[in-house]
Structures are given as structure tokens and as C-alpha cells.
Amino acid sequence: MRLFWSSRSPFARKVVAAAHELGIADRIRLDRVVVSSTGTNEVVMTHNPLSQIPTLLLPDGTALFDSAVILEWLDLRFGPNRLLPADPAQRFAVLRLQALGDGLMENSIRCLGERMRGPLFSAAHDAAHRAKIASVLDCLEKEAADLHQATAGSLAIACGIAHLDFRHADQDWRAGRPRLAAWHEEFSSRPSMRATAYRDEH
Ligand SMILES: N[C@@H](CCC(=O)N[C@@H](CS)C(=O)NCC(=O)O)C(=O)O
């Protein structure tokens, strides 16, 4: 399998960390690509009309995206049900957590995008993205006890929070959130997280 990926992408990190948790990381070749919300990547676009990463190419040429779909497929094929429980109630609880983690990533990236708009920077948009990040973190502070098992949910949240440290280190997300901070420190020591640390490489 081949993954269009970047060491800067939180969504791609979630997929690679999931592959480590499933013990199949060595079966995925990482192809570093540059994508941007201000342009298109023609190679990625050949396989994914959205020109986004992560995009996973299967040996038969099938392209899978987005990250939640890839996790679903990896879990079904190599888990099964290690990252996404079979029991419906548990599964939807994990999918909800994954949505919160993905939302952290999305808003973290939107803040970066806003910063890059120079004179067009919108304080209102930036404040809204930050408020949503804070709201998700406050919610997770109350749910930190539910995050210890490695699932699609906890992996998304760990990668999302780590992206805040990577790109918004000036914002102290740990302040007032001791349980989430302790959980994140412990979860970050998992081999899957250590093997996938963000790197600012093109
Ligand atoms: N919902 C998508 C989001 C993926 C995403 O936003 N990836 C970013 C990189 S972290 C990207 O490809 N950005 C380029 C673009 O949006 O055109 C997923 O879960 O995979």
C-alpha cells in the first residue's frame, strides 16, 4: 500500500499511528507530498479529486480517503474492531471522539491558514477557530478517563492536540485542563505516537 502523506499533516499522522497500532506500518510506503488549500497537487488529484492527504492507494489501485474512511478500512482489514468496536453504542462513542479529534485538527489548520492571509487576516474567523478548539478541549477534559485505550477516537484526539503543540505552542492548552494534559503525556509515549512525531519538512 502507498500513502500520500506529509510529516506535517495531523490527519495523515492519525492514519500512520493507526497502522502502527495494528502492527502493519511496514506494509505502507509513505510518499511525501505537498498539498495546500490555496492550490492543487496534480499527482494526489489523480487519485483523490479533493487533492487532500491522507490518500491511501491499495495494491489494486483503489484510492481511499478521507482519514476516517482509511481508518475504517485498516481496522476492518487488519483489526478487526481493535480501533473501532463492533458494538454499536461503543462504536458511535469512538466515532464521536474521532469527530472531536478531527475537529481539533481542522480548526488548528484553519488558524494557520488565517495567519497566512496577511492583510486579509480575519480576527473574527481566527477567534472562532480558537473558541472551537477551546470548547473541544474543555469537553475532553471531562472525558479524559475514557481515552486510555487506543482507538480511532483517542488517536485522532492525541494527533489533534499534538498539532496544537506543533503549530500553536504559544497557546497554553494545558492550563486548567490537568486531566487531559496528563492523559496526553501518557498517550504520547505509545510507540505509535513516538514513531509519528510531526516534522516540519517539505
Ligand atoms: N477530512 C479530511 C481532511 C484532510 C485534510 O484537510 N488534509 C489537509 C492536510 S493536513 C490537506 O490535504 N489540505 C489540502 C487541501 O485541503 O486542499 C481527512 O480526514 O482526511
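**A tour from fold to ligand shell**

Colour the protein by secondary structure: along the sequence the pattern is β-α-β-α-β-β-α-α-α-α-α-α, with helices (H or I, at least four residues) and strands (E, at least two) taken as DSSP runs numbered from the N terminus. The radius of gyration is 17 Å, close to the 17 Å from the globule rule for 202 residues, so the protein is as compact as a globular protein of that length. That radius is taken over C-alpha atoms, and the rule is 2.2 Å times the number of residues to the power 0.38.

This is a predicted model: local features need pLDDT of at least 70, side-chain atom pairs count only at pLDDT 80 or more, and totals for chains, interfaces and linings use all residues. Residues are numbered from 1 along each chain as its sequence is written.

Next, select the four strands of the open sheet, which has the order 2-1-3-4 and mixed pairing; two strands pair if DSSP finds at least two bridges between them. Strand 2 (29–32) and strand 4 (63–64) are at the edges with a single partner strand each, so one side of each has no neighbour in the sheet. Strand 1 (residues 2–5) runs parallel to strand 2, joined by four bridges.

Now select the ligand. Around the ligand are 15 residues, the closest being Ser9, Val35, Gln52, Asp66 and Ser67 (near means a C-beta atom, placed from the backbone, within 6 Å). Helix 1 (10–21), helix 3 (67–78) and helix 4 (88–115) each contribute at least two residues to this shell.
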